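Subject: Handing over the structure

Dear colleague,

I am passing this structure on to you, and my notes on what was found follow below it. Please read them with the model open beside you.

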Amino acid sequence: MAENPKSSNSRKRQSGNNSVIVYAAQCGECFKWRVIPTQEEFEDMRSKFIEDPFFCNKKANVSCEDPADIEYDATRVWVIDKPNLPKTPPGFQRELVLRRDFSKMDTYYITPSGTRVRAPSSVASFLEANPECKGVSVSDFSFTPPKVMDDTVPENVKGPGPSSANKKMKALREGDDDV
Ligand SMILES: [Zn+2]
């Protein structure tokens with residue numbers, strides 16, 4: 001992909017159970033982070049993030065002049081998503097759970113019948129057994145987890161232990177800009 005200015009799209013949400021709490025996107029112009037109110041909105045944006053990056057003015061009454069909604073720092077754990085992951089099909093729910101040792105996130109989907117699927121092969125079996133999910137294909141699902149950003153993981157959470165007080169954040173970044 002082209003070398004676009006670094007623009008990111010992130011999400012986070014508050015949790016008591018190691019899942020994502022709040023979603024946010026980074027402006028491709030001023031690099032400030034803006035909170036994205038819902039998972040659906042976030043996923044919609046993420047699904048076409050490369051061709052349609054985020055800018056502050058996509059939020060109502062917000063411009064690059066306004067202070068950032070949140071800052072990228074270690075007050076919460078950030079995870080960076082890949083751009084252009086498929087938007088979750090209607091009736092399904094995509095869930096991410098951070099492992100207790102903060103090493104990685106696990107991805108699964110909850111189907112319309114309430115079962116959990118954790119792999120493309122399970123999705124395929126489900127779709128086969130549920131022909132009413134017409135128009136939904138295995139390619140609408142991605143089990144690629146976001147990357148846990150080490151520099152935002154608190155020192156004291158290594159190893160098993162209670163971590164319910166920790167805040168998690170999920171982010172999507174265009175391109176691979178690892179240093
Ligand atoms: Zn901006």
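A residue is called buried if 20 or more other C-beta atoms lie within 10 Å of its own, exposed if 12 or fewer do, and partly exposed in between, with the C-beta atoms placed from the backbone. Please keep in mind that this is a predicted model, in which local features need pLDDT of at least 70 and side-chain atom pairs count only at pLDDT 80 or more, while totals for chains, interfaces and linings use all residues. Residues are numbered from 1 along each chain as its sequence is written.

With that scale in hand, Phe31 counts as partly exposed because it has 15 C-beta neighbours inside 10 Å. Phe31 sits in the loop between β2 (21-26) and β3 (33-36), where helices (H or I, at least four residues) and strands (E, at least two) are DSSP runs numbered from the N terminus. The phi angle of Phe31 is near 65°, which is a positive value in a residue other than glycine.

Asn61 also has a positive phi, near 60°, and is likewise a residue other than glycine. Asn61 belongs to the loop between α1 (39-47) and β4 (77-81), and it counts as exposed because it has 6 C-beta neighbours inside 10 Å.

Glu71 lies in the loop between α1 and β4, and it is exposed, with 10 other C-beta atoms within 10 Å. Although Glu71 and Trp33 are 38 residues apart along the chain, their C-alpha atoms are separated by 6.5 Å.

Turning to the sheet, 3 strands form an open sheet in the order β5-β6-β7, with antiparallel pairing; two strands pair if DSSP finds at least two bridges between them. β5 (93-98) and β7 (116-117) stand at the edges with a single partner strand each, so one side of each is left without a neighbour in the sheet. The antiparallel strands β5 and β6 (residues 105-110) are joined by 6 bridges, and Glu95 has Tyr108 as its bridge partner in β6.

Finally, a nonpolar core is a set of buried Ala, Val, Leu, Ile, Met, Phe, Trp, Tyr and Cys residues joined through C-beta atoms within 7 Å. The largest such core has 20 residues, and those with the most contacts inside it are Tyr23, Ala24, Ala25, Ile36, Met45, Trp78 and Val79. The elements giving two or more residues to this core are β2, β3, α1 and β4. A second, separate core has 6 residues, among them Tyr109, Val123, Leu127 and Cys133.

With best wishes
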